[in-house]
Number of protein chains: 2
Amino acid sequence: MNKSGYRLSDIAERTGYSKNTVSLALRDSPRISEATRLVIRQAADELQYRPNYFAKSLSSRTSRTIGLLLADISNPILTETSKSLETELATHGYGTLFATANSTLSEEVAAVEMFRSRQVDGILVYPTRDHRNYQHLVDMRKSGFPLVMLIPGENIGVDMISVDEKRGAYIAVRHLIDLGHTRVGTIDGSDPRGNRHKFDGYLQALASAGIPFDPAFQVDPRGFTPKSGYWAMDALMSAPRRPTAVFVANDYIAIGVMKWCLKHGLSVPGDVAIIGFDNLEAGEYLSVTLSTVSYKTEDITRMAVERLLRLIDSPGNLPDPRVTLFEPELVIRESTGGARET
Amino acid sequence: MNKSGYRLSDIAERTGYSKNTVSLALRDSPRISEATRLVIRQAADELQYRPNYFAKSLSSRTSRTIGLLLADISNPILTETSKSLETELATHGYGTLFATANSTLSEEVAAVEMFRSRQVDGILVYPTRDHRNYQHLVDMRKSGFPLVMLIPGENIGVDMISVDEKRGAYIAVRHLIDLGHTRVGTIDGSDPRGNRHKFDGYLQALASAGIPFDPAFQVDPRGFTPKSGYWAMDALMSAPRRPTAVFVANDYIAIGVMKWCLKHGLSVPGDVAIIGFDNLEAGEYLSVTLSTVSYKTEDITRMAVERLLRLIDSPGNLPDPRVTLFEPELVIRESTGGARET
């Protein structure tokens with residue numbers, strides 16, 4: 001039952017204490033004296049005894065394991081997020097079961113099922129941007145299962161903790177408008193079935209300046225990497241009236257957008273101003289440094305884990321779901337540098 | 001015992017079959033007729049019954065879970081690797097427990113302990129580059145625990161599957177030498193306590209051309225991001241005799257190296273030729289596209305999972321440990337473009 005081959009009874013035999021005493025000692029029960037605890041701990045160490053979480057799970061119904069579902073992991077910001085979540089969970093004694101989903105609902109559902117069949121205590125979900133079909137998550141939460149989503153949104157009955165993406169897009173596009181741009185494009189998904197908080201922020205900024213939205217100024221990158229940015233920019237710039245500034249949904253995509261400009265002899269920001277999102281370290285090291293929208297991954301991570309653990313600690317009586325959005329900040333670098341004549 | 005609240009006995013009661021029949025049917029036993037299986041499956045679905053892997057584990061001693069330990073996850077190539085490993089493991093019905101270790105041995109040991117206390121069936125390890133203290137892994141393997149390391153090395157008694165890093169560094173540096181460079185620097189760790197396969201390949205290439213190694217031409221980036229590359233290049237170029245070409249241990253670091261050149265008015269490859277490692281997508285989208293050493297992540301991933309599953313399937317009789325290294329390829333782009341006068 002134990003990978004080292006030794007059981008509680010072996011420790012009991014070696015130390016002369018009862019199995020019950022051994023079990024209590026290994027769980028640091030106050031009913032056991034310090035001296036006894038040390039003797040038993042030492043015997044357990046010598047036998048390389050490891051507590052069996054599966055057996056524990058059967059009695060306490062807790063696996064001390066969290067499921068982390070990340071869609072679209074090609075964006076390096078999710079690497080940072082997952083590392084930060086794993087570290088934070090580990091400090092609370094939780095292991096992290098990890099799954100990716102290639103932007104499809106069925107894979108997302110399958111991953112969640114896999115987590116549940118492995119009896120995770122709770123799930124953190126960064127769902128794909130390609131749909132807003134969260135019913136399976138809403139149902140889980142309704143049935144009392146601890147669950148936190150790592151994206152912004154309306155309160156649909158599931159806790160959400162994220163940067164305020166709509167606000168971030170708004171301040172980015174407002175920054176471009178304040179520089180004098182009126183022809184502002186965006187490289188971002190606008191599918192009404194998908195997550196479009198950034199697109200909504202873009203529209204709001206245009207509206208705030210009385211600039212009508214031109215559908216030719218929006219191109220979906222259909223991907224999350226520099227290559228998708230390169231080809232989205234190619235499509236955007238083939239419009240008869242070219243934009244003079246572009247808001248890009250993330251910095252990794254923006255690397256390809258910058259490359260397109262360079263390759264086609266356009267100066268950034270002289271001919272086209274560009275701003276991204278996420279404040280990826282690489283953005284600071286591009287040939288033209290990238291303006292971006294920044295937020296603290298660690299703050300979001302810490303609060304998401306805190307919220308999830310509170311749900312786990314309140315079985316049968318979960319606190320009401322809340323949406324917590326962190327305020328993002330503008331980081332102005334060369335790609336939107338300085339004022340501009342129109 | 002089951003998160004949906006329903007047990008085998010509930011399905012038995014609903015269908016009229018015995019618990020034993022229900023259990024066999026849900027495990028697709030050939031002893032149960034197809035018609036019976038369908039009735040029982042449907043009842044299980046209606047009750048949202050989920051098999052309990054913990055209970056299964058207690059009887060079969062298998063958790064169908066693999067531990068994946070990634071040190072230094074800031075390199076985006078590890079994102080790709082972890083996604084690819086998770087997907088490959090999922091197709092074999094395995095879940096992935098995930099842990100990171102901030103380049104310290106103690107965190108590495110703690111993560112492995114965490115995996116074992118959760119009864120994983122096997123472990124995949126991408127250890128930190130900062131040490132070669134693999135004794136805890138060697139001991140585990142010796143005790144019969146399924147384990148595969150994702151780095152190259154001598155056969156120390158643990159299966160290893162990786163790109164041939166020494167060979168990759170050799171062909172990269174040989175490429176620089178063949179272009180006429182004799183003052184070739186490297187931005188890579190050379191700590192004799194660490195993993196130095198790339199550094200060994202660099203030395204081998206120099207030796208093959210009769211070029212003596214100059215210690216001033218080696219700078220440790222002490223990190224894995226563009227920023228560490230930027231400052232390593234700053235140190236490397238402050239040598240009185242500057243190198244005319246630089247081999248950088250990975251493409252993500254190289255982004256910062258390229259930026260340093262640009263910022264200091266050096267043309268790439270005119271003043272300094274640069275080559276990286278890993279063929280990261282971003283390298284193709286830098287202002288000067290990055291030459292690099294390429295290999296197929298998916299091939300390595302597939303073989304690593306295959307090897308691990310073979311170990312898991314051979315309890316008590318593990319096949320001898322082997323080291324399998326994949327041959328890398330040179331990808332020549334602008335950063336080393338064309339021949340050069342010396």
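**Notes on the sheet and a helix pair**

1. In strand β5 of chain B, M160(B) is the bridge partner of M149(B), and D159(B) is that of V148(B). These belong to the 2 bridges by which strand β4 (residues 147-149) of chain B is joined to β5(B), the two strands running parallel; strands here are DSSP runs (E, at least two residues) and helices are likewise DSSP runs (H or I, at least four), numbered from the N terminus.

2. This is a predicted model, in which local features need pLDDT of at least 70 and side-chain atom pairs count only at pLDDT 80 or more, while totals for chains, interfaces and linings use all residues. Residues are numbered from 1 along each chain as its sequence is written, chains are lettered from A and ligands numbered from 1 in the order in which they are written, and side-chain values use heavy atoms, with hydrogens and water left out.

3. Strand β5(B) (residues 159-163) is mostly covered, 5 of its 5 residues being buried (under 20% relative accessible area, with exposed over 50% and partly exposed in between, for a 1.4 Å probe and protein chains only). With strand β11 (residues 323-326) of chain B, β5(B) pairs in the parallel sense over 4 bridges, where two strands count as paired if DSSP finds at least two bridges between them.

4. T324(B), which lies in β11(B), is the bridge partner of I161(B). T324(B) counts as buried because its relative accessibility is 17%. Leaving aside neighbours within four places in sequence, T324(B) is in contact (heavy atoms within 4.5 Å) with M160(B), I161(B), S162(B), M303(B) and R307(B).

5. The open sheet has 12 strands in mixed pairing, in the order β11(A)-β5(A)-β4(A)-β3(A)-β1(A)-β2(A)-β2(B)-β1(B)-β3(B)-β4(B)-β5(B)-β11(B). Its edge strands, each pairing on one side only, are β11 of chain A and β11 of chain B. Neighbouring strands are turned against each other by 20° on average, direction ignored. Helix α12 (residues 297-312) of chain B packs on the sheet and touches β1, β3, β4, β5 and β11 of chain B, its direction making about 175° with that of β5(B); such angles run from 0 to 180 degrees between N-to-C directions, with axes fitted to C-alpha atoms, for helices over the stretch in contact.

6. In chain A, helices α6 (residues 105-117) and α7 (residues 135-142) pack at an angle of about 25°, with their axes 10 Å apart. The contact is made by L105(A), E108(A), V109(A), V112(A) and R116(A) of α6(A) and by H136(A), L137(A) and M140(A) of α7(A).
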